[in-house]
Amino acid sequence: MSKRRSKTALADWLRLRMPTREQMARNKYLQPIAHRFLTPELWRFTRRSVPRGVALGVFASFIIPVGQIFLAAFMALPARANVPLSTLVTFITNPFTFPFWAVVANKLGAFLLKVDLAATGGAAQEEITSGRWAWFIQLFADVGVTVLVTIFGFIVLALVGAALGYLVSSVVWRFVVAHRRKRRLRAMVRRTAEELRE
């Protein structure tokens, strides 16, 4: 007999691949706040917790390329976001995709800052050292222009990506719930019609 596919196939697939509450609670880095991870509301898939989890996961994945899982988990606690989903989404940036995202961040940063990375002086240099970006330059005074531009690109990706992730996951969640409701209503109507015929 073949195993019947669940109506919530995506949720089942996610549950198989996400760490359990107990696994995260046993993690040595999370032990000081492990009791908070066992709160059931942080593990439920609801219309509020799912978009928050996606947004925090996207933000954490771009804001720091290493240790983003822990950052997403920590941020999910006060935000009451879905913890496993926020940690799963951080895999947008991983050792295989990081070079791609670094190039995207570099190009985005160069475009927004109006920096010509091939130029060594002139207008590009004036733009970088102008008063508009002086605060940002001072933060990273010892690193090169290319690294600064890339860091700025990652910050933009984190903020814009989090906002887009929130909006898209909200729309998808509403669509999935509405579709499930319609299917349930159709099944009820069909069952009622069959009972009336009998």
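Analyst: Welcome! Buried means under 20% relative accessible area, exposed over 50%, and partly exposed in between (1.4 Å probe, protein chains only). This is a predicted model, with residues numbered from 1 along each chain as its sequence is written and side-chain values that use heavy atoms, leaving out hydrogens and water. Local features need pLDDT of at least 70, side-chain atom pairs count only at pLDDT 80 or more, and totals for chains, interfaces and linings use all residues.

User: How many helices and strands does the chain have?

Analyst: Helices (H or I, at least four residues) and strands (E, at least two) are DSSP runs, numbered from the N terminus. Read from that end, the elements run α-α-α-α-α-α-α-α-α-α. The count is therefore ten helices and zero strands.

User: What share of the contacts in the chain between residues at least 6 apart in sequence joins residues at least 24 apart?

Analyst: Contact here means heavy atoms within 4.5 Å. Taking the contacts between residues at least 6 apart in sequence, the share that joins residues at least 24 apart is 67%.

User: Let's look at one helix. How far apart are the end C-alpha atoms of α7?

Analyst: Helix α7 covers residues 98–113, which is 16 residues. The expected span is 1.5 Å times one less than the number of residues, so α7 should span 22 Å. The end C-alpha atoms of α7 agree with that, at 22 Å.

User: Within what arc do the buried residues of α7 fall?

Analyst: The buried residues of α7 are Trp101, Ala102, Ala105, Asn106, Gly109, Ala110 and Leu113. The arc is that of the directions from the helix axis to the C-beta atoms. Seen down the axis, these buried residues line one face of α7, because they fall within an arc of 165°.

User: Which exposed residues sit on the face of α7 turned away from its buried side?

Analyst: Past the end of α7 comes Lys114, with a positive phi near 55°, but the residues you ask about belong to the helix. The face turned away from the buried side carries Phe100, Lys107 and Phe111.

User: At what angle do α7 and α10 cross?

Analyst: Two packed helices are described by the angle between their axes and the distance between the axes. Axes are lines fitted to C-alpha atoms, for helices over the stretch in contact, and angles run from 0 to 180 degrees between N-to-C directions. Angles under 35 degrees count as roughly parallel, over 145 as roughly antiparallel, 65 to 115 as roughly perpendicular and the rest as oblique, so α7 and α10 are roughly perpendicular. Their axes come within 7 Å, and the crossing angle is roughly 100°.

User: Which residues does Phe62 touch, not counting residues up to four places away in sequence?

Analyst: Phe62 lies in helix α4 and counts as buried, at 5% relative accessibility. Its C-alpha atom is separated by 8.5 Å from that of Gly161, 99 residues apart along the chain. The residues that Phe62 touches are Ile92, Thr93, Trp101, Phe154, Leu157 and Ala158.

User: Which residues is Met75 in contact with, leaving aside its neighbours within four places in sequence?

Analyst: Met75 is in helix α5, where it is one of the buried residues. Met75 and Gly57 are 18 residues apart in sequence and 9.1 Å apart in space, C-alpha to C-alpha. The contacts of Met75 are Leu56, Phe59 and Ala60.

User: What is the relative accessible area of Asn82?

Analyst: Asn82 is placed in the loop between α5 and α6. It touches Leu42, Trp43, Arg44, Phe45, Ser49 and Gly53, leaving out residues up to four places away in sequence. Asn82 is buried, and its relative accessible area is 0%.
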